[in-house]
Amino acid sequence: MLAHVLEGADIRTTNSVAEVAAAHAQKRTLWVDLEERTPETEALLADTFKLHPLVIEDIWGDRSLPKIEDFDAYLYLIVHGVKQGSGRRIELLELDLVLGQTFVITYQHESRGAHACREDLARSPKLLKKGAVWLAHALLDHLVDHYLPLVDAFDGELVIIEREIPDKAGLPEGRALLHRLFGLRRVVHEIRQVAVHQRELLLRLSRGEFDEIPPEAVPFFRDVYDHFARFTAVVDGYREMLSSTVEAYLSVQSNRMNEVMKTLTLISTVMLPITFIAGVYGMNFEHMPELRWPYGYAFALGLMVLVTAASVVFFKRRRWL
Amino acid sequence: MLAHVLEGADIRTTNSVAEVAAAHAQKRTLWVDLEERTPETEALLADTFKLHPLVIEDIWGDRSLPKIEDFDAYLYLIVHGVKQGSGRRIELLELDLVLGQTFVITYQHESRGAHACREDLARSPKLLKKGAVWLAHALLDHLVDHYLPLVDAFDGELVIIEREIPDKAGLPEGRALLHRLFGLRRVVHEIRQVAVHQRELLLRLSRGEFDEIPPEAVPFFRDVYDHFARFTAVVDGYREMLSSTVEAYLSVQSNRMNEVMKTLTLISTVMLPITFIAGVYGMNFEHMPELRWPYGYAFALGLMVLVTAASVVFFKRRRWL
Amino acid sequence: MLAHVLEGADIRTTNSVAEVAAAHAQKRTLWVDLEERTPETEALLADTFKLHPLVIEDIWGDRSLPKIEDFDAYLYLIVHGVKQGSGRRIELLELDLVLGQTFVITYQHESRGAHACREDLARSPKLLKKGAVWLAHALLDHLVDHYLPLVDAFDGELVIIEREIPDKAGLPEGRALLHRLFGLRRVVHEIRQVAVHQRELLLRLSRGEFDEIPPEAVPFFRDVYDHFARFTAVVDGYREMLSSTVEAYLSVQSNRMNEVMKTLTLISTVMLPITFIAGVYGMNFEHMPELRWPYGYAFALGLMVLVTAASVVFFKRRRWL
Amino acid sequence: MLAHVLEGADIRTTNSVAEVAAAHAQKRTLWVDLEERTPETEALLADTFKLHPLVIEDIWGDRSLPKIEDFDAYLYLIVHGVKQGSGRRIELLELDLVLGQTFVITYQHESRGAHACREDLARSPKLLKKGAVWLAHALLDHLVDHYLPLVDAFDGELVIIEREIPDKAGLPEGRALLHRLFGLRRVVHEIRQVAVHQRELLLRLSRGEFDEIPPEAVPFFRDVYDHFARFTAVVDGYREMLSSTVEAYLSVQSNRMNEVMKTLTLISTVMLPITFIAGVYGMNFEHMPELRWPYGYAFALGLMVLVTAASVVFFKRRRWL
Amino acid sequence: MLAHVLEGADIRTTNSVAEVAAAHAQKRTLWVDLEERTPETEALLADTFKLHPLVIEDIWGDRSLPKIEDFDAYLYLIVHGVKQGSGRRIELLELDLVLGQTFVITYQHESRGAHACREDLARSPKLLKKGAVWLAHALLDHLVDHYLPLVDAFDGELVIIEREIPDKAGLPEGRALLHRLFGLRRVVHEIRQVAVHQRELLLRLSRGEFDEIPPEAVPFFRDVYDHFARFTAVVDGYREMLSSTVEAYLSVQSNRMNEVMKTLTLISTVMLPITFIAGVYGMNFEHMPELRWPYGYAFALGLMVLVTAASVVFFKRRRWL
């Protein structure tokens, strides 16, 4: 646990539960950034901040969808940040946030994300001076800011795939391309499932329906909502583009298939008849006058050339060559 | 029939029709959990609780879609719970619920589900002390709670199918995969058909348009609605993912088809011409100079090698190899 | 023409134009069920009931879409009932309905449907005692009631088709299946075209915007609207299921095609090379040492077995066997 | 230019610019139906009716989308009528309409349409007596009335195509069918592009937001809007049906392809092995014991029959025969 | 930097920072058209116009999506114009616009577009006399005007592609066609991503929610919004047409594939059996009575003709010929 307490114009950072409790008793503005579940922090949340037992349980637990709950003395939010992991993996970072009159309590499940977030926020501790709600706003703003670059990353990846389609679709390498396309789709699907609920949550925050958010702060939460709504709109456009790319892949593949089939048909149409001719003159009948002709062989070869020429003309006519 | 009657601070459980009638006459809060259609329960519903004959008929009957009906003295609801049966089968459990000022009457068609439900609810009989409407709320809350895990189950199944697609699509094993995909689709379709109406029903309950639901209970019904609306949103996202997976299956299958066709074309393009050459020199013309050449055989074999090489070069050029 | 006139507490049924005119003059509640276009009924509508000439024209005519028209003294409605004809044919039965203060005039174009309807309604003539609007409500309610079973019939048909897909898709029998699927689609399309307008018409009736419908009757028309809106929602879900089933058909067919192609490729890959070997040793060169080897024949056969084995291994590796 | 001027209870038709100017000065209700751009009509519009120069320019010009512009003294509308040309061609007929307090000015670009329109309207010149706005209403009503039959024409064409699909899909004749389907699609697309804007324009007219349209006329414009909105709804349903028909075409074609491929596979699976057997006994090895057997030939033929039978059994098992 | 300052009834154009500062101090209406980032202009924006440092940063920077920000003394807009580049490339031209009470500041990132825009606007400098907001309106109007011709260009291109589909789909040339189709799709996708946000921005401008836009100017901004909304509606229709065209391409290609496959099957079905017959009589058995028949050869040839005829009849029956 790391707590940032406002003392006059300065911020004191502490990890002592007792100090936090004392500061809260003096109604000092403070931010408690939870790290590990210990009996002391447990007690702090329950006794000092008087959180509902179910909220405390939820903070430590893992939950799949964003939600907001309004209690008498505080708001409880579960929101999801996002982080580009190694490779093209996208990680959703759950952030638990309790916003009271004079305090903000946060918990991030994955320590890496929490660390990054803490650093970022350490640069603007003066937010605490304006009040707890402004810190909460900064946290959400920060969290939403990481979403938009994601789409750029997706779009970049998609542009690369699109560029490779004409060369690879329908070839064995193409399967990896398809794999990447459908991988992107699943990621987008997962982000959307979360984003739909998160957008609604942010909309409710931005409508001023909660006492914890004073009217003068509402436009700022509205701004956070606008950013996120824009993100979801862009993601929806991107999703359509993904479908279009899969379609492009399949049509190029189908085009290539056509060429393969035409080659096969061409080769068969030319080869089968002349092989048949050869077969005829390979028969062992005693009475086959052609076999004795002096120019029989030439005649057979000529016949073969003729048939080949006819096939080629036929294909030219049908525009298959 | 099993009735739970509130007596002071205690709950008395009885299956005597007379006791229920007496308790209702004293305006005691009670919950009647119907089990079998008997003349006594029939009479209880009609004479003691004064339910409309059509409602009594509907309670015992089977109806396909959720609905809500507002009578003067009570609300009549048909809602559907959900249960994961054996295998991947999903069962919809119809719950008939009559909510009066001081009583709740329920009937569940499938005894198994009713049993499970009764056990669950037995743990919180104190609800009755708060009033009949809170029991009704608990029943609906309980019922809705079973929906969300369903989607997780679906999603798990879908992830497994997705993982098997690259290996199985286009192979005979793939047909079972397709079967599972379309089975999931039908289940999702059926759940949605019900869910659309159930969501609207819950929305109406949560808007405070019914006298039976006092204003202080409305937010709690709103909560039930929120949960269910969230479920339907997640199901819609899931449905899109299902479509995308079917598409993935088909594109992998089509990719594999391309490879099969290329193999066929390759083998034909190489084999047909050289078989033709062999055919030519298998002809029985008396005057075929090559047949008498000392190196005729070697020449023929060389020709075959040449043609094969040309085909391979052709395929390499077209990037089919 | 068959008229039902309320006389005190009784219903008198007559087909005399004069009696109807007299009863109407006495402001008796009555229901005129038209059958054939005759000069007398023509005159009755124009002179006694003072219908607009265009309305009279419309009543006898055939019109493709539901509509509602509000005149000073009456409402004129065209609605469509539905009937399952022989086979899987669905017939839309147009019902013309004029609702005045004390009278209802109806006309159904197909006598069969009219007959069935009249019988049904004969059972509840007491409706007339409550007033003309309640009869109109009963007529609409009756008409809407026949829609929902339709979807069950569709769904049953669809379930049967779904069950036959794994066996028949891609086979000649499959074409009949496809035919049934697309037939269902057209029927659903036609019903929806009508239903969209009928739903809006019913919505307007249920909003109390017409004087002919007193406030106490509005909730009952609302109920009719609810039923019909529910029908259209279910039809929309069903339409999606139809699309999904067509897709299922095509994917199973495509899967089967893959198997066919693989069989062809397999047989060609095995047969073409060994046939080529046979061709080589069928050549007539004078100098072919193998032909004279004592074990030449065995060598050739061995070579063939080897090539076959190699092909099989190749296919096993590619998981095509 | 042809002008219809109301004089008392009569209509005087004139093509004198001076008369029109005089009539307008006396505030007589009149309708000016423009024909050709001449300096006199130009002057009439500018000086007598005081139209804005940009409006005059727009009237003579060609513009692709419907629009409405509200000026102080008049409304300027561009709307599109529709006409079925020869073959299946649909022509959009642009109608420019200026509606003032006492006058209507119209211009139709294609003289044929204008002619037809004038004839139609000549039958009801009494409209002018009610006022200019009622003439404008009649013009729009007339124009919208021609839309609905269009859909019937489309639907008829579609039904014909649907009926031909089972016979022609996948055959060379099928391409003409596809051509017709996609031609219909483009026409529907073009009509919709216009209809979307025209519907909004009519909606605005029917909302009473313009002074030129008195409250008592608003319901009639609402009626025009209703008709047009119904048309667009039907077109949307039709569009879906078109997609479904293309899909039907493709699935029948794919089904036929399957049959073709199965025939090929069948013929190859039977012929290739027995041809191979013939090839083996066509080899020229000196030591081939079978060649000398008295029943060698019969043995070979028997072997071929056996292989053929095995293939047939294999196909029967796979249900390909 | 090029500044247009209103002096009485004249416009003075200057590029002196000092003059602009002086004019602004005298509250003269002026338009500053930025060109390059220099310390002087930097100072002008910060000190004279008192723009927020973040706004100044944004003006010079590159940003992907349109936005609007409301400051106390001015509005800051990022909007996108559009320009058809060489080939079929579409360039989005970002325009930064600051609208104050008496001034407009603009910056266009690409000098070419800025140049064209400046020229256009130079023709109507009198706009400045009406006030800064009217200049801003003119700038936006101008910008939006360039969107609609774009769709015409797209549509023209699409019509060309559609016309080439019957000839080229499924042929190697077809791949270029597909490429163009999917290129169009990406362009439309990119324009839509921007347009969605720009439309909302214009909607907000047209709702009169900003003090900088006086009520009398609102209808004009509404007009700009209407134009743009119309553009986006047309683009959406166009997008559907694009999908339909891709589908048309694929179905024509699939049709052609069918013909190719049928040719292959036809040739194989005819050739394989007669080649087999030739193979049989090419066998070297000592005891083959036919070989010694005087008419053996004729018999074999007759057999081949018979088999060929049977195949042709078979194909005719199946309507493959």
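Mentor: Two strands count as paired when DSSP finds at least two bridges between them. Please keep in mind from the start that this is a predicted model.

Trainee: With that rule in hand, which residue in S7(C) is the bridge partner of C:Leu30?

Mentor: Strands of a sheet pair through backbone hydrogen bonds, and they may do so in parallel or antiparallel fashion. Here C:Leu30 has C:Phe103 as its bridge partner in S7(C), and strand S3 (residues 30-34) of chain C is joined to strand S7 (residues 103-108) of chain C by five bridges, the two strands running parallel.

Trainee: In what order do the seven strands of the open sheet in chain C follow one another?

Mentor: Reading across the sheet, the order is S2-S1-S3-S7-S6-S5-S4 in chain C, with mixed pairing. Strand S2 (10-14) and strand S4 (67-70) of chain C are the edge strands, and because each has a single partner strand, one side of each is left without a neighbour in the sheet. From one strand to the next, the twist averages 20 degrees.

Trainee: Which strands of chain C does helix H8 lie across?

Mentor: Helix H8 (residues 172-205) of chain C lies across S4, strand S5 (74-84) and strand S6 (90-100) of that chain, and its direction makes an angle of about 145 degrees with S5(C).

Trainee: Turning to chain D, how many residues of strand S6 are buried?

Mentor: In a regular strand the side chains alternate between the two faces of the sheet. Strand S6 (residues 90-100) of chain D is mostly covered, since ten of its eleven residues are buried, and a residue is called buried when its relative accessible area is under 20%. On one side, strand S5 (residues 74-84) of chain D is joined to S6(D) by eleven bridges in an antiparallel arrangement, and D:Val79 has D:Leu95 as its bridge partner there. S6(D) is also joined by five bridges to strand S7 (residues 103-108) of chain D, again antiparallel, with D:Leu95 standing opposite D:Gln108. Two residues lie between S6(D) and S7(D), which form a hairpin.

Trainee: What rotation superposes chain E on chain D?

Mentor: Two copies of a chain are related by a rotation about an axis and a shift along it. For chain E and chain D the rotation is 72 degrees and the shift along the axis is 0.0 Å, with an RMSD of 0.1 Å, so the two copies are related as by a five-fold rotation axis. Within chain E, the residue that comes closest to this axis is E:Gly282, with its C-alpha at 4.6 Å.

Definitions and conventions:
Residues are numbered from 1 along each chain as its sequence is written. Chains are lettered from A and ligands numbered from 1 in the order in which they are written. This is a predicted model: local features need pLDDT of at least 70, side-chain atom pairs count only at pLDDT 80 or more; totals for chains, interfaces and linings use all residues. Side-chain values use heavy atoms; hydrogens and water are left out. Helices (H or I, at least four residues) and strands (E, at least two) are DSSP runs, numbered from the N terminus. Axes are lines fitted to C-alpha atoms, for helices over the stretch in contact, and angles run from 0 to 180 degrees between N-to-C directions. Contact means heavy atoms within 4.5 Å. Buried means under 20% relative accessible area, exposed over 50%, partly exposed in between (1.4 Å probe, protein chains only). Copies are superposed by least squares on the C-alpha atoms of residues with pLDDT of at least 70 in both.
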